[in-house]
Amino acid sequence: MTSDTAFRSAYASALAAYLLDGDEAALQKAYDLGRDAVSDEISLLEIGSLHHELLANAVSRGTSAAERHRMTRAAGEFLLETLSPYEMVARGFVDARDATLFERKRAVMLRQLSTLLSDASLAADAAGQYEEVLRLAADHARELTSAEWCLVAIRDGIEILSGDAKDDAADARRHLVTLSREAAVRSDRRPAVAAHADDSSCGWIAAPLTALDGTEYGSIHVADKAAGEFTEADNALLVHIAEMTAAALERASIYEHARSPTKKRYPSR
Amino acid sequence: MSDEVRVAVESDEDMLPARAEARSLALRLGFSRTDATLIATAVSEVARNIVVHAGCGEITMSPVVEDGRYGLIVKAADEGSGIRDIDAALEHGYASRGGLGLGLSGVRRLMDEFDVQSQIDCGTTVTMAKWRVRDELERLREKRRRSV
């Protein structure tokens, strides 16, 4: 159906049929008309206006109050059917809006992380700058992937764990440390994805911290997603954070070496 | 409360009895006219999916009455070719009618519970439910009715 005129004509016929017979076939027709109207982008206001006009005409021909009441009620049922596809679309709009807001928030947080990592990697306090870089990465990775835990572990034994304290915190930490050591020996740049259903964690993803020159610093892990399982989007996000973190560690190392040329560049080999 | 209702879906014409049964069950359960319309809409969409994508299937509707709530559980099953990418099919804005939010993604938003199980070349089963909490007055009426 491509024209408003055709829609108006079809709607008028279907409504008249329903007011006469009141059967399910006419209601299905109303629903199909609604689907067509959504597809043809016919305004809700047009539908409301048309419906009211047709109802007024029908009711004016009613021979009794009971008849007019019956027609008004029936017309309401018909309109509900026509508008139900719009209900689906409206709820979809809310979902899409929420998803857009969520993505925007993620983008803002990533930009913020980039700035913070840049500042931290050039901090004057060399002793604390690596921990600060890892802390920033861990906190942001945990929040952005909606995970309960994040562990960032680099060679030389520095580990930062981000997450709320729980009774099983020690077990979770031991589990993640084990996983990080397994991931650290992997030279593959792709993130590891695994869901361990038989232990305390509800899903786990990890990514290596590898600099552009191939230097392997360690790995970053998140575990126990707050709701559902980790998604491909979470994987991609973690890889992105891992790359930013590795770049920050490399920058910190270069800066530290520039301040103290006699000191070996991190990581120790 | 009556037992479950089964409707075989083999053509467009079978969408009609499926909708009618869904609406009738919903109204008898105590859903509002608006909710009954949305339930009939959801059944329409899954019936349409069966006809378009699988050719034939079955829709089962089961009323459920519990102390604190009542609901209608709908299961639409077919043995068609299956859904290759369920996530894509459910993604908001993805639908057979050019991304309008109709189809399975739209149905998911109308119902309180929604699940899709599908295997390539084996078929698809969509299970969905709509619930309403029974208020105190309604519970008392039901209690009185059962004691008669």
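Visitor: Does Asp224(A) count as buried or exposed, and at what relative accessibility?

Guide: Asp224(A) counts as buried, at 8% relative accessibility. Buried means under 20% relative accessible area, exposed means over 50%, and partly exposed lies in between, with a 1.4 Å probe and protein chains only.

A word on the ground rules. This is a predicted model, in which local features need pLDDT of at least 70 and side-chain atom pairs need 80 or more, while totals for chains, interfaces and linings use all residues. Residues are numbered from 1 along each chain as written, chains are lettered from A and ligands numbered from 1 in the order written, and side-chain values use heavy atoms, without hydrogens or water.

Back to the residue. Asp224(A) sits in strand E5 (residues 216-225) of chain A. Helices (H or I, at least four residues) and strands (E, at least two) are DSSP runs, numbered from the N terminus. The backbone of Asp224(A) deserves a look: its phi is positive, about 60°, although the residue is not a glycine. Most residues other than glycine have a negative phi.

Ser146(A) also has a positive phi, of about 55°, and is not a glycine. Ser146(A) lies in the loop between H5 and strand E1 (147-154) of chain A. At a relative accessible area of 31%, Ser146(A) is partly exposed. Glu41(A), which follows H2(A), has a positive phi near 55°.

Helix H5 (residues 126-144) of chain A holds Arg135(A). Arg135(A) counts as partly exposed because its relative accessibility is 32%. Beyond its neighbours within four places in sequence, Arg135(A) contacts Ile160(A), Leu161(A) and Ser162(A). Contact means heavy atoms within 4.5 Å. Arg135(A) and Leu117(A) are 18 residues apart in sequence, with their C-alpha atoms 9.8 Å apart in space.

Leu117(A) comes up again with Thr245(A), in helix H7 (residues 232-259) of chain A. Thr245(A) is buried, at 0% relative accessible area. With neighbours within four places in sequence left aside, Thr245(A) touches Leu117(A), Val133(A), Leu134(A), Ala137(A) and Leu209(A).

Next, helix H4 of chain A, where Ala74(A) is found. Ala74(A) is buried, with a relative accessible area of 9%. Residues up to four places away aside, Ala74(A) touches Tyr18(A) and Leu19(A). Ala74(A) and Tyr18(A) are 56 residues apart along the chain, yet 7.4 Å separates their C-alpha atoms.

Now helix H2 (residues 24-39) of chain A. Its 16 residues should span 22 Å at 1.5 Å a residue, and the end C-alpha atoms are 23 Å apart, so the two agree. The expected span is 1.5 Å times one less than the number of residues. Buried residues of H2(A) include Leu27(A), Ala30(A), Tyr31(A), Leu33(A) and Val38(A). Residues three or four places apart in an α-helix point the same way, because there are 3.6 residues a turn. Within chain A, the buried residues of H2(A) pack against H1, H3 and helix H4 (65-121). They also pack against chain B, at helix H1 (15-29), helix H2 (33-54) and helix H4 (103-110).

A cavity is a set of points on a 1 Å grid over the protein atoms alone where a 1.4 Å probe fits but cannot get out; lining residues have an atom within 4 Å of a point. The largest cavity holds about 50 Å³. Grid points are joined across faces, edges and corners, and the volume is the space filled by probe spheres set on them. Lining residues of the largest cavity include Asp4(A), Phe7(A), Arg8(A) and Ile42(A). Helix H1 (4-21) and helix H3 (44-60) of chain A each give two or more residues to this lining.

Finally, the wider setting. Chain A has 7 helices and 5 strands, in the order α-α-α-α-α-β-β-α-β-β-β-α. Of its 269 residues, 43% count as buried. Chain B has 5 helices and 5 strands, in the order β-α-α-β-β-α-α-β-β-α. Of the 148 residues of chain B, 47% count as buried.

Note on methods
On a 1 Å grid over the protein atoms alone, a cavity is a set of points where a 1.4 Å probe fits but cannot get out, and a pocket is an open set with protein on both sides within 12 Å along at least five of seven lines; lining residues have an atom within 4 Å of a point.
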